[in-house]
Structure formats: C-alpha cells, structure tokens
Amino acid sequence: MKSSRALAAICTVLLVPVLGSCSVIGEGDDSPATTAAGKIKDVVLVTHDSFFLPKKVVKDFEAQTGYHLVVKASGDGGTLTNKLVLTKDDPTGDVAFGVDNTFASRALDEGVFAPYSFDAPAGVSAYDLPGDDDHALTPVDNGNVCVNVDDTWFKAHDLAEPRTLDDLTDPAYQDLFVLPGAATSSTGMAFLLATVSAYGDAWPDYWKKLMDNGARVTAGWSDAYEVDFTQGGGKGDRPIVLSYDSSPAFTVPKGATASTTHALLDTCFRQVEYAGVLDGAANVPGAEAFVRFLTSSEVQEALPESMYVFPVVDGTSLPADWASYAMQPDQPYSVDPADVAAHRDEWLREWSDVTSQ
Amino acid sequence: MRRALTLAALALLPVAVLGVFFVLPVSGMLARGFWPDGSFDPGGVISVLGRPRVHRVLWFTVWSASVATVVSVLLGLPAAHALHRREFPGRRVLRAALLVPFVLPTVVVGVAFRELLGESGPLGFLGLDGTPVAIVAGLVFFNVAVVIRAVGASWESLDQRPADAAAALGASPAQVFRTVTLPALRPAIVSAASVVFLFCATAFGVVLTLGGLRYSSVETEIYLLTTNLLDLQGAAALSVLQLVAVVALLLVAGRLRAVPDPSVSRVLPRPRRLSRQDWPGAMATLLLVVLVALPIGTLVLGSLQVEGSGWGLGNYRALTTRGTHQALLVPVTDALVTSLRTAVDATWMSLSLGLLVAVVVTRRSRSRAERRVRATLDGFFMLPLGVSAVTLGFGFLITLDHPPLELRDSPLLVPIAQALVALPLVVRTIVPVLSGVDDRQRQAAASLGAGPLRAVLTVDLPVVWKPLLAASGFAFAASLGEFGATSFLARDEHPTVPVVIFRLIGHPGPMNYGMALAASVVLAATTAVVMLVVERLRVPSVGAF
C-alpha cells in the first residue's frame with residue numbers, strides 16, 4: 001500500500017510539468033505581419049483539403065516574390081465555396097484555390113472574387129469558366145470523373161468490359177457498379193451532371209434503370225473505392241467504380257508495366273479548378289502573384305503528383321506513369337455552370353428521390 | 001444575497017466561455033437563416049418544417065437514437081458492474097480498452113464496419129450492410145463506453161452494505177438490484193443515457209457511411225443543406241428543431257434524474273472477487289467485448305496487410321512518411337504529437353469548466369427560484385451536444401471575426417471547441433456523485449471549524465476524485481477523437497490524427513489506405529495507454545487527506 005502511494009505521488013509530481021510543457025499554449029502566431037517597408041508579407045490562401053504543393057515549390061514562390069504563403073484548408077470543394085460565400089464581407093484570406101466548375105457560379109453570383117486578368121500561358125484560356133466575363137477566375141488544373149473498371153476481374157470472368165453510360169444499365173453488369181452519391185460527394189455530383197448532359201430531361205429515367213440494375217450508392221469516394229471496389233484497399237466485390245481519369249496511374253502493381261484498371265473515357269465529366277483574388281483581400285498584390293504562380297510551369301508540372309490532376313498549360317510534361325496509364329477523354333460531358341447554379345437543388349432533390357426508393 | 005453572489009461568481013466563467021464559443025456562433029448562423037436577405041422572414045423557416053422529408057428525417061433520428069441508447073445502457077450496465085465492482089486479472093486493461101471505440105475516427109470505423117458487414121465480408125451473410133441495424137450497431141459501438149465509465153464511476157463508490165442487508169433479509173439478487181442498487185444508480189444512469197442519446201442523435205459519419213444514403217438524420221440533413229445547397233433557411237429550421245428537441249430531452253432527463261433524497265452513502269471501493277452469481281453479468285460483458293473487438297480486429301488485420309507484399313508492418317513504418325504520392329503535409333507521427341498536445345489543453349479546459357459547473361449545479365438550493373436557476377444552468381451546458389458541428393464551424397467563421405473577438409485564427413480555437421464537446425461528459429460524470437454527497441457533512445465539517453476549502457478537501461474530494469479521473473479520461477479521449485469541429489478549424493500545418501486519417505483515406509495510392517488503418521490503430525493504442533496511466537494514478541490513500 002505504502003509503495004503504491006509513493007509511486008502515485010511521484011507520478012503526479014512528474015506528470016504535472018510534463019503536461020504543462022506539452023500544451024499548445026504559448027505556441028505563438030509565427031507569422032510576421034509586415035516588412036519594414038510596410039508591405040504585407042503574408043499571402044493567405046483559402047483552399048480545400050486536397051490542396052498540396054511540394055515544399056520546394058512553395059519555397060520558390062516565397063523566394064521569387066518575397067511573400068510568405070499561409071495555407072488555410074478545410075473541407076471539400078463545396079464546403080470551401082460556401083465558406084467563401086459566408087465570409088465574403090470579411091474574407092478569411094487573400095486568394096482562393098479549388099472552387100470548381102460545379103460550384104463556381106455560386107461564388108461568382110455572390111461576388112466573392114475580384115476581377116483579375118493577366119497574360120496567362122498558352123492553353124489556360126481554353127478552360128475559362130463560361131459566363132465569367134470580368135475574368136474573376138483563372139483555370140489552374142483539370143481532371144475528369146470517369147467510371148473505372150477492374151481489367152483483371154473482367155479477364156478472369158471472361159466478360160467484355162462496359163464502355164458507355166448505357167452499358168451500365170445492361171443486365172450483364174448487374175450488381176457490379178458502385179458509386180458515391182451526388183448529395184454527399186463532389187465526385188458523385190459530377191457523375192450526376194454527366195448523366196444530365198447525356199440524357200437531358202430524361203436523366204431520372206436513366207438513374208431508375210441504373211438502380212434497377214443493382215448499382216450501389218455509398219456516401220463518399222473512399223467508401224466506394226476502398227471498400228466495395230475489387231482493386232481498392234479493402235478488396236471488395238464490385239469491379240466497376242466511379243473514380244477519376246487519373247486513378248489507373250495508382251493501380252500499377254510494383255514492377256508491372258500495365259495498370260490493373262482503366263477509365264471508361266466515354267463516361268467522363270470534366271472538372272476544372274480555379275483560383276481567384278478574394279474581394280476585400282488585405283494583400284491584393286500578393287494574391288495576384290500567387291494566382292500567376294499557379295499557372296507557372298513549376299506548379300503545373302507538380303500538379304499530377306501532388307493533387308492527382310492534369311495541368312491546363314499547353315506543353316506541360318507529365319510524369320512517366322501518367323503519360324502511359326492516365327488517359328484523358330477527348331469529349332467529356334459538360335453542363336453550363338449557369339444551368340448548374342440554377343438547377344442544382346432541384347436536381348439533387350430529384351436524384352435523392354430516384355435513388356432512395 | 002451572499003449565496004446568490006457566490007453562485008453568480010462561480011458560474012460566470014463557464015457561462016462566458018459558452019456564450020462566446022457556442023451561443024454567439026450558433027445564433028449567428030441562425031440569424032442568417034431567419035434574415036435571409038437582411039429582412040426578417042420566419043415564414044420561410046417555418047415552411048421548411050412542413051416538408052415531408054423533414055418529418056421522415058426527424059422520425060429516423062429519434063428512432064435510431066432511442067434504440068441505440070437503450071441498447072447501450074443494457075450492454076453497458078453489466079460491464080460497468082463487472083469492471084468497477086469486481087476484481088479480476090486484466091480488469092484495468094479491459095477498462096482502458098473499452099474506451100477505445102470512443103476515439104476512433106468515424107470514417108474509419110464506418111469503413112471497418114462495412115468490410116465486416118458488406119456482401120463479401122465475414123458477416124456479410126447477415127445482410128445488414130446499409131440497414132438501420134448497422135447504424136444502430138455503429139452508434140452503440142461508439143457510445144457504450146459512456147455508460148460504462150459514467151455509471152461505473154458512480155457505482156464504484158456506492159456503499160455495498162444496504163444491498164447486503166437486503167440480501168441477508170432474503171431478497172433475491174434481482175430484487176436487491178431493483179429495490180436498492182438501481183434507485184441509487186438512477187441519477188448516473190439517466191445522466192449517461194441522456195449524453196448517449198445526444199451523441200447518437202447528432203451522429204454524423206456513422207449514419208452517412210453505414211446508412212448508404214438511404215437514411216438521413218437531422219444532423220446529416222443540416223450538413224447537406226449547409227455545405228451542399230447553402231440552404232441556410234432549411235439548416236436554421238432544422239437547427240432550431242434540434243435545439244428544441246434537446247431542451248425537451250434535458251427537461252425529461254432532469255425529471256427522471258431527480259430522486260427524493262439524492263444523498264447516497266459513499267465508501268472507499270473494495271471490489272470483490274468474481275463469484276459464481278456474477279456469471280450472467282460476466283457473460284454479458286464478454287458479449288460486449290466481442291462486439292467491440294470485431295470491428296477493431298478488422299482494423300488491426302487490415303493495417304497489417306501491406307499492398308502488394310502480404311502481411312507486415314510496412315503500414316506502420318510508413319507513418320513517419322507523408323504517404324504515397326505525398327498525400328499528407330506532415331507525417332502521422334507529427335500529427336500524433338499535435339493531437340496529444342491539443343488533448344492536454346482540451347482536458348484541463350473541460351475539467352476546470354466542468355468542475356465549476358458541477359459545483360454550481362449541485363449545491364443544495366434554498367429556494368425554488370434558486371433551484372430553477374441551477375437546473376437551467378445544468379441544461380445550458382449540455383446544449384453543445386445538440387448542435388451540428390457544421391453550424392458551429394460556420395458560425396465561428398462569421399461571428400468571431402472582429403475585435404474584441406477576433407478569434408478565427410487563434411490556435412486555441414481547436415482545444416476550446418473540443419473542450420466544449422467534452423464538457424457535458426465531464427459534468428454528467430461528476431454531478432451524480434457530487435449531488436450524492438450529503439450537505440450535512442459539509443455543515444458538520446464547517447461547524448467543527450473547517451474553512452470552505454478544507455470542507456471541500458475532506459468531504460467532497462475523497463468521493464469526487466475517481467469520477468474526476470474518469471472524466472479526465474473522457475475529456476482526453478473525446479479530444480483525441482474529435483473530427484467535425486477540428487477539421488473545420490485546424491490549421492493546415494498542425495493537423496490532428498483524425499484529420500490526417502480522413503485525408504489518407506480519401507486519397508488514392510497503394511499505401512494510403514493501409515496507413516489510414518495503421519494510424520487508427522495507433523490512435524486507439526495511444527488512448528488505451530493514456531487511460532491505463534490514468535487508472536494507475538488513482539491514488540488509493542485519498543481518504544486520509
């Protein structure tokens with residue numbers, strides 16, 4: 001009894017200072033606000049939580065411009081957009097990256113971004129947001145949401161792979177398709193828009209057929225890909241999954257020369273991600289410098305490896321395995337952003353009705 | 001008059017904290033819904049409540065949370081008894097282990113449950129994937145720890161003698177439990193059940209992942225309306241509905257909790273050995289351990305499978321890296337340090353606030369008005385559990401953005417938000433024990449010449465010491481596992497473990513999935529170790545103060 005008492009006392013005495021030193025208090029703000037000349041040093045970037053650039057690239061930006069980049073990331077593209085809309089009178093940063101063409105109209109309508117155009121490198125303007133006449137948004141990257149298939153599974157089962165959206169409703173592919181839902185995932189939303197683009201007002205009929213054919217709808221991309229897809233981490237039982245055009249580059253076994261999956265290029269919806277200067281930014285020159293930097297060859301070349309997306313600048317070289325495994329569609333589906341803005345709620349409500357019966 | 005002033009002084013700090021970090025942000029978001037374009041439009045909000053979908057959502061929330069609460073209590077009570085009243089080898093380890101589910105990130109547990117229950121999983125033949133049963137099982141998995149720890153803390157120091165007397169007079173064990181033990185435990189059980197119900201009713205990830213989008217709760221609906229549709233009117237309507245329901249629940253719980261004479265005789269615990277008549281309880285505990293171990297086992301097995309090279313520790317070794325294709329900004333090991341440091345802050349914050357609140361609400365009231373004030377305060381501190389993390393997160397952004405409350409970018413925001421989540425757990429663990437202390441003991445101490453501080457030390461501290469440790473364990477675990485508010489507020493360079501796990505699981509790449517599982521196992525193990533240390537620290541001599 002006595003020894004345990006002593007032990008307890010020692011533990012208590014030892015623990016208190018230890019606890020004290022491992023608190024986050026006292027960890028001050030490490031951001032020097034201005035330089036001697038009065039120029040604001042920090043550029044605050046508001047972005048989604050997939051944002052990533054190699055440290056070296058960020059360092060180069062800071063060395064070239066003399067600014068210090070502060071990154072504030074949380075939530076997906078939708079949360080980001082709504083965050084920007086809610087704080088438009090008092091923005092939480094200077095520049096935003098990651099608003100995509102399915103959400104951009106909302107941000108533009110609300111006046112989140114201040115117009116800013118510059119001599120962008122060749123190819124960038126091909127991705128401009130339709131209707132963005134004042135040029136508030138600059139395209140930075142693009143990627144496609146495409147149906148992916150497990151080639152090894154189809155070979156083993158001696159079945160021809162599906163190719164088109166229509167094929168997915170073919171009874172031959174019953175109970176083989178898994179996809180994240182449109183209401184809870186931006187990937188799922190992109191696929192809903194692909195079907196809206198392909199079938200027009202008849203899209204709900206397509207979804208009825210899809211669901212009747214045993215499609216499984218999950219909450220998010222990780223759930224569909226990692227649990228249910230046969231090539232995912234959980235080794236599931238469905239060989240057809242909704243993912244990205246870049247996904248096949250991640251399913252190349254060690255030492256192999258071919259990917260075990262490929263994207264169906266006739267089922268794709270193109271997503272373009274934009275950057276823009278926030279209206280009311282404290283550091284407008286810094287924000288503009290960062291937008292320009294995002295279209296520099298340094299960042300464009302880093303995009304595939306760091307964010308799994310394709311560059312928008314003409315002639316940017318791709319990583320070796322991307323050039324051979326990640327194909328991009330020539331004619332992806334698209335929907336006018338203004339249409340998306342006007343009908344998003346209605347489409348989502350109808351989609352929920354069709355898929356939850 | 002002096003009593004009223006003391007009450008006000010003690011309550012001042014907790015009320016101020018809750019006012020700034022809860023009432024202000026939430027009312028900011030509600031205001032956006034009620035004043036959509038600057039003009040007051042309550043009609044728009046009320047009309048949302050007429051939508052048939054809202055009725056379905058509401059019914060499902062109440063139904064699933066009620067069932068999950070009942071199951072959690074039924075499974076938690078025998079375990080609380082076995083783990084807190086009986087002595088057997090491995091008791092402490094088991095007690096620490098059963099708190100583990102509480103900190104696991106919901107997204108990972110959701111995935112583990114789906115691997116277990118899915119078409120090709122080991123339990124796939126049950127056909128439970130995507131059913132309400134799976135949702136309820138998930139809710140119980142997360143919340144049964146609350147029942148075990150909160151009720152256990154109260155049960156542990158309960159005087160055994162009245163029960164023994166009843167048994168000696170011929171009462172059967174069931175009769176003893178019903179007539180002696182249960183009434184004494186009622187405040188603790190009702191306290192725990194009300195917290196579990198609130199956690200279940202506001203569960204987000206579990207419903208989303210396990211329900212397969214077919215089932216929507218008020219919480220998931222608020223999330224969808226806010227982040228996907230920016231329908232702030234709808235979100236405001238549902239938030240108000242949620243708040244009203246929570247207040248109603250708290251009123252009911254307050255009634256149920258109240259017993260004619262709350263004072264219970266407390267003794268220093270002397271756990272007995274397991275005896276033959278304990279076997280039904282032991283079996284029930286064993287069943288619970290199996291239920292909890294299944295999904296955790298799935299996680300552990302998954303974490304040991306390295307993509308492309310079979311079994312091994314590769315996923316664990318990778319935790320010092322930034323993942324395949326650099327999915328992370330910082331290695332998981334760095335995130336773990338951040339998590340621990342944040343949890344230390346969240347723990348002391350919630351403990352000191354919780355203790356103040358508990359003292360304020362448990363002191364015997366002299367008048368009806370005073371009692372009412374104390375009861376209102378008691379309920380007020382439970383409210384954070386009844387509000388959606390996304391409402392609170394967006395609320396922070398739009399209300400705490402100008403001086404003197406320019407706190408949007410403060411590094412302390414994360415621990416404060418986590419402390420608010422843990423606060424009700426702390427309060428609900430301490431209050432039943434503290435209110436069981438007979439006020440006459442304090443009066444006796446005072447009349448013998450003890451000052452207020454000494455009276456507290458000799459009368460309150462000996463019985464409150466253990467629940468306090470239980471509560472600190474809770475607060476620590478809650479902070480380690482918190483994701484909703486943290487992901488919204490955490491700064492990029494300093495993410496916590498649940499945040500990096502979420503990131504890993506959402507990024508393609510051969511190792512990232514395995515690393516997410518390994519990181520979850522490390523998070524779980526860390527919690528278990530911290531809990532064991534807390535158990536060890538239970539100073540056995542405190543009665544001799």
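Residues are numbered from 1 along each chain as its sequence is written, while chains are lettered from A and ligands numbered from 1 in the order in which they are written. Because the model is predicted, local features need pLDDT of at least 70, side-chain atom pairs count only at pLDDT 80 or more, and totals for chains, interfaces and linings use all residues; side-chain values use heavy atoms, with hydrogens and water left out.

**Confidence**

The predictor assigns the complex an ipTM of 0.79 and a pTM of 0.85. The per-residue score is pLDDT, the predictor's confidence in each residue, from 0 to 100. Chain A has an average pLDDT of 87, with 89% of its residues scoring at least 70. Its residues 1–21 have a pLDDT below 50, and beyond near neighbours in sequence this stretch makes nine contacts in the model; contact means heavy atoms within 4.5 Å. Residues 26–33 of chain A also stay under 50, and here the model has twelve contacts beyond four places in sequence.

Chain B averages a pLDDT of 84, and 95% of its residues score at least 70. Helices (H or I, at least four residues) and strands (E, at least two) are DSSP runs, numbered from the N terminus. Among the elements of chain B, the highest mean pLDDT, 92, belongs to helix α3 (residues 52–85), and the lowest, 78, to helix α20 (residues 484–489). In residues 541–545 of chain B the pLDDT is below 50, with five contacts beyond near neighbours in sequence.

**Domains within each chain**

Domain bounds come from an automatic or database domain assignment. Chain A is divided into domain 1 (42–142 + 272–320) and domain 2 (144–269 + 332–356). For chain B the assignment gives domain 1 (1–40 + 315–539) and domain 2 (42–306).

| Domain pair | Distance between C-alpha centres | Buried area | Share on carbon and sulfur |
|---|---|---|---|
| Domains 1 and 2 of chain A | 28 Å | about 970 Å² | 60% |
| Domains 1 and 2 of chain B | 19 Å | about 5200 Å² | 73% |

**The domain interface of chain B**

The contact between the two domains of chain B takes 63 residues from domain 1 and 59 residues from domain 2. On the domain 1 side, B:Leu385, B:Phe474 and B:Glu535 lose the most area to domain 2, together 11% of what that side buries. The rule finds six residue pairs in polar contact across this interface, both residues at pLDDT 80 or more. A polar contact is a pair of N or O atoms within 3.5 Å; within protein, one must be able to donate a hydrogen and the other to accept it, and residues adjacent in sequence count only if both atoms are side-chain atoms.

Several helices of chain B each supply at least two residues of the domain 1 side, including α1 (2–34), α19 (452–481) and α22 (512–536). Helix α22 gives the most to that side, with 14 residues. By class, the side has 40 nonpolar, 14 polar and nine charged residues. Here Ala, Val, Leu, Ile, Met, Phe, Trp, Tyr, Cys and Pro count as nonpolar, Asp, Glu, Lys and Arg as charged, and the others, Gly among them, as polar.

**The domain interface of chain A**

In chain A the contact takes ten residues from domain 1 and twelve residues from domain 2. Three residue pairs are in polar contact between these domains, both residues at pLDDT 80 or more. The domain 1 side divides into five nonpolar, four polar and one charged.

**Salt bridges**

A salt bridge is a side-chain nitrogen of Lys or Arg within 4 Å of a carboxyl oxygen of Asp or Glu. The count over all chains is 17. B:Asp129 and A:Arg216 form a salt bridge through their side chains (2.9 Å, N to O). B:Asp129 lies in the loop between α5 (106–117) and α6 (132–156) of chain B and A:Arg216 in strand β7 (residues 216–218) of chain A, so the pair joins two chains.

Methods
Buried area is the accessible area (1.4 Å probe) that two parts lose on being put together, summed over both.
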